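Biologist: I am new to this one. Please show me the structure, and then I will ask how you know what you say about it.

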Amino acid sequence: MNLLLLAGALAMVIRSLAAARLDRWNLGAPVVMVLAGVLVGLLYENSIAAVLNTEAVQHVAEIILAVLLFVDATEVRGGRLWGGYPGLVARVLFVALPVSLALAALLGWLLFPGLPWAVLLLIAGVTMPTDFAPAEQLVRDRTLSMRVRSVLNVESGYNDGIVSPLFLFALILAGDHTQQRTPLDALATALPFAAKALVVGVVLGSLLAWLLDRAHRAGWVTAQSGRLVVLLAPLLTYAATVAIDGNGFVASFVCGTAFRYLHRLLKARRVRDGRADRAEVRADALGKDLHLLEDVTTVLTTTMWFVVGIAAILAFTLGVSWQVVLFCAAVLTVVRVLPVLLSLAGSKLSTRERLLVGALGPRGTTTIVFGLLAFNKLPEGPAADTILVITVVCVLGSVVLHGMGAKPLTRLLTRR
């Protein structure tokens with residue numbers, strides 16, 4: 001384990017030292033860290049399964065997901081569900097996403113007929129959430145219209161929080177190492193988990209935002225301590241929710257949403273009362289308190305790409321069937337594009353813009369973490385192995401299609 005940590009840290013340092021140069025060659029952090037993980041995986045091929053399938057890896061993945069959900073909720077830029085470009089994001093999230101999940105599960109049933117439908121639902125939950133970690137340049141690409149960038153950015157901020165309750169319901173239904181449950185049993189377990197999460201997330205998110213605001217106004221916090229409060233918010237929320245048998249992932253996402261909303265509301269109120277400058281609110285909704293959390297999140301997500309490279313060796317050892325390749329190719333393309341086109345029919349977006357929203361849907365850290373959690377929670381066997389292989393192939397395919405191929409794809413779809 002120590003050698004794995006050493007290799008991962010060394011790869012991050014090398015990537016960081018050459019980040020600007022590598023970005024010009026379309027070799028972002030995901031590509032570099034995956035390659036580093038593959039090299040390490042080749043050296044420790046016989047021990048990969050034992051390392052990945054441990055409680056330590058499971059808990060680390062859970063904490064990383066909780067932090068990412070909080071960050072997604074606090075850092076959504078470019079509009080809200082019903083603001084900016086009214087209804088466009090809501091259409092993608094509440095029409096295209098459910099249809100995509102259903103199509104992915106249906107396609108899984110056709111290609112993997114031996115898997116239970118709960119596992120197929122798990123696979124859909126693993127492969128459909130979008131994440132711009134493998135293609136960060138897309139949301140800054142000025143060849144895309146502001147409407148397209150806004151929809152993509154806001155959608156990626158919310159969809160993992162929406163999918164996580166469904167994923168956990170399917171995980172409970174599929175059964176862990178000791179039990180399996182009926183749909184009613186799983187629902188009876190998931191609903192109280194979600195209810196507790198909503199309460200804890202709203203209470204802690206609002207309370208922390210209010211306390212941080214009051215502490216800033218009273219001069220009780222330093223720049224560093226303010227950043228620490230925000231960094232600890234998702235960890236505190238996740239731990240508190242799990243302690244009362246709640247859904248820590250939902251709680252972290254709700255906490256981030258409540259924190260962001262109340263923080264902006266308090267700043268807007270100070271502007272209205274003449275106690276703050278309006279430009280300050282527009283330029284920096286959460287102040288500088290998020291900077292440390294952003295850096296920590298970058299380290300965490302980069303670590304997960306390294307893990308994907310290691311897991312790729314195990315996945316290819318298990319065998320990559322043509323069904324897996326076909327399934328991953330479909331979920332990265334038509335299974336997302338067709339529902340998006342359907343959901344945006346009749347909107348003010350042009351046909352090219354609708355196609356761009358559908359085509360530019362990279363898979364990243366959320367898929368990795370969901371896949372690892374499913375692999376750890378399910379009993380050893382075909383179901384767990386299939387999910388791991390699909391996770392690796394889907395993410396690697398997205399790195400190629402949406403990472404290295406992002407610029408050529410964008411130029412092709414924006415060419416007049």
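**Reading the terms against the values**

Modeller: Leu 6 has its place in helix α1 (residues 2-17). This is a predicted model: local features need pLDDT of at least 70, side-chain atom pairs count only at pLDDT 80 or more, and totals for chains, interfaces and linings use all residues. Residues are numbered from 1 along each chain as its sequence is written, and side-chain values use heavy atoms, with hydrogens and water left out.

Biologist: What makes a run of residues a helix here?

Modeller: Helices (H or I, at least four residues) and strands (E, at least two) are DSSP runs, numbered from the N terminus. The chain has 19 helices and zero strands.

Biologist: Why is Leu 6 called exposed?

Modeller: Exposed means over 50% relative accessible area, buried under 20%, and partly exposed in between (1.4 Å probe, protein chains only). Leu 6 is at 53%, so Leu 6 counts as exposed.

Biologist: Why is the pair Glu 353 and Arg 147 called a salt bridge?

Modeller: The rule asks for a side-chain nitrogen of Lys or Arg within 4 Å of a carboxyl oxygen of Asp or Glu. The closest N and O atoms of Glu 353 and Arg 147 are 2.9 Å apart, so the pair is a salt bridge. Glu 353 lies in helix α16 (residues 351-359) and Arg 147 in helix α8 (residues 146-174), so the pair ties together parts 206 residues apart in sequence.

Biologist: Is Glu 353 buried or exposed?

Modeller: Glu 353 is at 10% relative accessibility, so Glu 353 counts as buried. Arg 147, at 26%, counts as partly exposed.

Biologist: How many salt bridges are there by this rule?

Modeller: The count is three. Glu 155 and Arg 336 form one of them, at 2.9 Å, N to O. That pair links distant parts of the chain: Glu 155 is in helix α8, Arg 336 in helix α15 (residues 334-343), 181 residues apart. Glu 155 is buried at 3%, and Arg 336 is buried at 5%.

Biologist: What does Glu 155 touch?

Modeller: Contact means heavy atoms within 4.5 Å. Residues up to four places away in sequence aside, Glu 155 touches Val 89, Val 92, Leu 93, Thr 130 and Arg 336.

Biologist: How do you know that Arg 217 and Asp 213 meet in a salt bridge?

Modeller: Their N to O distance is 3.9 Å, so the pair meets the rule. Both lie in helix α9 (residues 183-218), four residues apart, about one turn of the helix. Arg 217 is partly exposed at 43%, whereas Asp 213 is buried at 7%.

Biologist: What makes a nonpolar core?

Modeller: A core is a set of buried Ala, Val, Leu, Ile, Met, Phe, Trp, Tyr and Cys residues joined through side-chain atoms within 4.5 Å. The largest has 117 residues; those with the most contacts inside it are Leu 122, Phe 167, Phe 327 and Val 357. Beyond its neighbours within four places in sequence, Leu 122 is in contact with residues including Phe 167, Ala 374 and Ile 387.
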